Amino acid sequence: MSPTLSAEELDSYQRSGYFLARGLFRPDEVERLREHYMALRAAGSYPGDAAGVDIGSADPLKRFPRMIHMHRWDETSLRWMLDARLGSCMAALLGAEPYAVQTMLYFKPPGARGQALHQDQFYLRVEPGTCMAAWLALDPTDEANGCLRVVPGSHTLPVLCTQKADTTRSFTDITVPLPESLPVEPVPMEAGDVLFFNGSLIHGSYPNPTEDRFRRALIGHYVVGEAERVARYYHPVLRMDGTEAQLGVSEGGGPCGAWREVDGRPVVELTEPVPA
């Protein structure tokens, strides 16, 4: 059964930029998905495995690199991406049915690095509007094993200019700067919970220092229904019924937001991007 969001939940999303749907997927569904992706990863490499699989590496993320665009070759991933429960939540949050553009699987095994703070819209370049993520926890996730962290309310910001990230703690090499006054809050989740968040929301995660706990997550990326363009990497674009939608290709490199102090308060002003 598809969930119904209350007026209070919708209002909270508008203020914070994210919505946590508790128990959206049943324990048996989560277990099947977890086993499915572990079996796929153990079987070898696939399209989108830019890092490749190196089972002898000391880097946990080379033994378990993330998987990208699985829905293009894996029926289980395609069915999940187009699941009516996801579509119903996003239609309520966005005010229209979204388009589906990407699937990802993060394994984040024990000892793995996290991902520096970023905005998904930096990559997807949706025009007009923005993108949305549906982040399904396949394991219990908390501060101990590197749960997702968000900056509430940051979805109202433009795409920010990036800077170099600390690659000893992040597997990606860019991040967005934040003034100290903006809190970065953890979002603990149980397996089966789904976090929906706006494409401009600043988010990321810290490393997983545990010795025996994975933090696996299945993620779908979507674009708002009124969108006309999205970056080329995210084509083909699918409607939630699985048919293909014809969207144009957006270009990157436009103005980005940089923090400035005005009257003692941090504000964002648009400026030309500086290479990270």
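1. A pocket here is an open set of grid points with protein on both sides within 12 Å along at least five of seven lines, and its lining residues have an atom within 4 Å of a point. In this predicted model, the largest pocket is lined by 30 residues. Arg66, Met104, Tyr106, Gln115 and His118 lie nearest its centre. Its volume is about 460 Å³.

2. What kinds of residue form the lining of the largest pocket? There are 16 nonpolar, 9 polar and 5 charged residues. Several elements supply at least two lining residues each. Among them are strands S3 (99-106), S4 (115-118) and S5 (131-137). Strands S11 (203-205) and S12 (217-223) are also on that list, as is helix H6 (121-124).

3. Now the overall fold. The protein has 6 helices and 18 strands. Of its 276 residues, 51% are buried. Take the contacts with a separation of 6 or more: 79% of them are between residues 24 or more positions apart.

4. On confidence, the mean pLDDT of the protein is 89, and 88% of the residues reach 70 or more. Over residues 272-276, the pLDDT is below 50. That stretch still has 13 contacts in the model beyond near neighbours in sequence. Where pLDDT is low, the predicted coordinates should not be read in detail.

5. Helix H5 spans residues 84-94 and includes arginine 85. At its start, a side-chain oxygen of aspartate 83 comes to within 2.8 Å of the backbone nitrogen of arginine 85. After H5 comes glycine 95, with a positive phi near 85°. The buried residues of H5 are Arg85, Leu86, Gly87, Cys89, Met90 and Leu93.

6. Is arginine 85 buried or exposed? Its relative accessibility is 13%, so arginine 85 counts as buried; the cut-off is under 20%. Where does its side chain reach? It reaches the backbone oxygen of leucine 24, at 3.3 Å.

7. Arginine 232 sits in the loop between strand S13 (229-230) and strand S14 (237-238). Arginine 232 counts as exposed because its relative accessible area is 59%, and the cut-off for exposed is over 50%.

8. Arginine 85 is in a helix and is buried. Arginine 232 is in a loop and is exposed.

Definitions and conventions: Residues numbered from 1 in each chain as written. Predicted model: local features only at pLDDT ≥ 70, side-chain atom pairs only at ≥ 80, totals over all residues. Heavy atoms only, no water. pLDDT = per-residue confidence, 0-100. Contact = heavy atoms within 4.5 Å. Helix = DSSP H or I, 4+ residues; strand = E, 2+ residues; numbered from the N terminus. Buried < 20%, exposed > 50% of the residue type's maximum accessible area, 1.4 Å probe, protein only. Polar contact = N/O pair within 3.5 Å; in protein donor to acceptor, adjacent residues only side chain to side chain. 1 Å grid on protein atoms, 1.4 Å probe; cavity = no way out; pocket = protein on both sides within 12 Å on 5 of 7 lines; lining within 4 Å. Points joined across faces, edges and corners; volume = space filled by probe spheres on them. Nonpolar A, V, L, I, M, F, W, Y, C, P; charged D, E, K, R; others polar.
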